[in-house]
Amino acid sequence: MQAIFGNLLQLDIKLVVMWIIGGVLIYLAIKKDMEPSLLLPMGFGAILVNLPNSGAITQGNEIGVLNVLYDAGIANELFPLLLFIGIGAMIDFGPLLQSPYLLIFGAAAQLGVFAVMSLACLFGFNIQDAASIGVIGAADGPTAIFVSQYFNSQYTGAIMVAAYSYMALVPIIQPPVIRAITTKKERTIHMKYSASTVSKQTKILFPIMVTLIAGLVVPRSVALVGFLMFGNLLRECGVLDSLSQTAQNVLANLITIFLGITIASQMQADQFLNPQTLLIMALGLLAFVFDTFGGVVFAKIINIFLPEGKKINPMIGACGISAFPMSSRVISKMALKEDKENYLLMQAAGVNVGGQIASVIAGGMILNLIAR
Amino acid sequence: MNLPLFLDSLKILVQGMAGVFVVMAVIAVAIGALNKITTNKDK
């Protein structure tokens with residue numbers, strides 16, 4: 001009997017709590033459709049690794065498969081980079097190339113990354129862990145994984161759960177913040193959109209140029225930016241449709257499957273259930289709030305200098321948060337709710353893809369400024 | 001609470017935000033130039 005049920009005796013309340021957390025993640029993924037491709041594998045993984053003496057993770061001399069995957073794909077930052085090829089292949093930078101000034105809002109909306117890094121320092125995290133927590137505000141899972149792994153942060157599991165949960169909660173987090181800092185008049189500002197065509201040469205040269213600029217100014221960001229832009233070059237070159245489709249679908253899906261369940265290896269009860277996890281969740285939420293605040297307030301400041309008729313709807317600043325394409329959809333819907341003839345989708349999408357680049361640059365900037 | 005580290009990190013906050021703004025501005029200018037060159041070429 002001892003041989004059969006002995007393992008049951010090692011059941012611990014902490015493990016059960018982790019099963020519940022795993023169950024909640026699976027529930028949110030399936031019932032609420034919140035980032036299901038990541039939250040579901042993470043939720044299932046959280047249960048898998050929190051069984052007493054789970055064979056999925058290393059126990060003594062027996063190497064667990066999730067640890068093998070972790071060492072092979074996350075500890076060396078390989079999975080997030082490969083995922084970036086897929087993301088780059090999915091993104092159409094067209095709206096941004098038509099109005100390149102929209103990139104600046106992406107920069108403003110990285111405020112949450114750096115502000116929360118400082119706050120995390122105040123709360124007693126060391127600078128490397130604080131930087132990893134701040135990058136939750138990049139609203140970009142692969143960048144958050146890359147940075148936290150670069151700094152070998154012990155909080156990777158909590159950072160991932162926060163990053164992906166809040167990305168899924170953008171429709172709930174952003175609107176109240178935007179309403180609190182804008183007037184009805186500002187939210188109903190119309191922006192003219194003139195659909196101009198972007199030449200094929202521009203679309204092809206753009207990823208190469210961004211890689212060169214980012215690589216020269218922020219060399220540590222070059223892996224992140226380079227893989228994102230490589231994916232985009234596959235998409236835009238016009239002669240590698242098959243590779244582009246593979247990157248967008250097969251590669252991105254495969255990596256997503258492994259990424260989610262492998263991250264769960266960092267969700268073992270002993271590491272995860274501590275006050276720091278709650279603090280990281282709170283700081284992650286603040287990062288998204290600061291991002292939204294930064295983008296919107298920056299647009300309001302720009303408006304001071306713009307003549308009547310050329311003013312920017314400050315809501316589009318919030319799309320610089322990255323979280324593509326959810327943020328641009330949220331802002332577009334908000335604009336239509338305020339005024340049924342106010343179509344901001346293209347401008348919002350331009351800022352949103354700019355935010356994608358800015359979040360990667362912000363991650364690279366952190367790596368440049370803080371020693372490992 | 002670690003006030004000294006917080007104060008040190010404010011320097012990184014300023015440098016980081018300034019850095020992101022500079023890189024994005026350079027990319028925006030470069031896209032504008034690229035658009036101009038390729039449009040002229042098309043004409």
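At what angle do helix α10 and helix α11 of chain A pack, and how far apart are their axes? The angle is about 165°, and the axes lie 10 Å apart. Keep in mind that this is a predicted model.

**Helices α10 and α11 of chain A**
- The two partners are α10 (residues 141-150) and α11 (residues 156-168).
- Angles over 145 degrees count as roughly antiparallel, so at about 165° α10(A) is roughly antiparallel to α11(A).
- α10(A) and α11(A) cross in a right-handed way.
- On the α10(A) side, the contact uses A:G141, A:A144, A:I145, A:S148 and A:Q149.
- α11(A) answers with A:T156, A:I159, A:M160, A:A163, A:Y164 and A:M167.
- Sorted by class, that contact has 7 nonpolar and 4 polar residues, with no charged ones.

**Helices α2 and α3 of chain A**
- Here α2 (residues 13-31) packs on α3 (residues 36-49) at about 160°, and their axes are 8 Å apart.
- α2(A) and α3(A) are therefore roughly antiparallel to each other.
- The crossing of α2(A) past α3(A) is left-handed.
- α2(A) brings a run of residues to the contact, including A:M18, A:W19, A:I21, A:G22, A:G23 and A:L25.
- From α3(A), the residues involved include A:P36, A:L39, A:L40, A:M42, A:G43 and A:F44.
- The class count for α2(A) with α3(A) comes to 15 nonpolar, 3 polar and no charged residues.

**Chain B on its own**
- Chain B has 1 helix and 0 strands.
- Its C-alpha atoms fill a box of roughly 60 × 10 × 5 Å along the principal axes.
- Of the 43 residues in chain B, 30% are buried.

**Where chain A meets chain B**
- Chain A puts 36 residues into the contact, and chain B puts in 29 residues.
- On the chain A side, the elements giving two or more residues are α7 (103-108), α8 (111-122), α9 (127-134), α14 (200-217) and α20 (345-369).
- Among these, α14(A) gives the most, with 9 residues.
- What kinds of residues make up the side of chain A that touches chain B? They divide into 29 nonpolar and 7 polar, and no charged residues turn up there.

Technical notes
Residues numbered from 1 in each chain as written. Chains lettered and ligands numbered in written order. Predicted model: local features only at pLDDT ≥ 70, side-chain atom pairs only at ≥ 80, totals over all residues. Contact = placed C-beta atoms within 7 Å. Helix = DSSP H or I, 4+ residues; strand = E, 2+ residues; numbered from the N terminus. Nonpolar A, V, L, I, M, F, W, Y, C, P; charged D, E, K, R; others polar. Axes fitted to C-alpha atoms, helices over the stretch in contact; angles between N-to-C directions. Parallel < 35°, antiparallel > 145°, perpendicular 65-115°, else oblique. Left-handed = near helix turned anticlockwise from the far one by under 90°. Buried ≥ 20, exposed ≤ 12 C-beta atoms within 10 Å, placed from the backbone.
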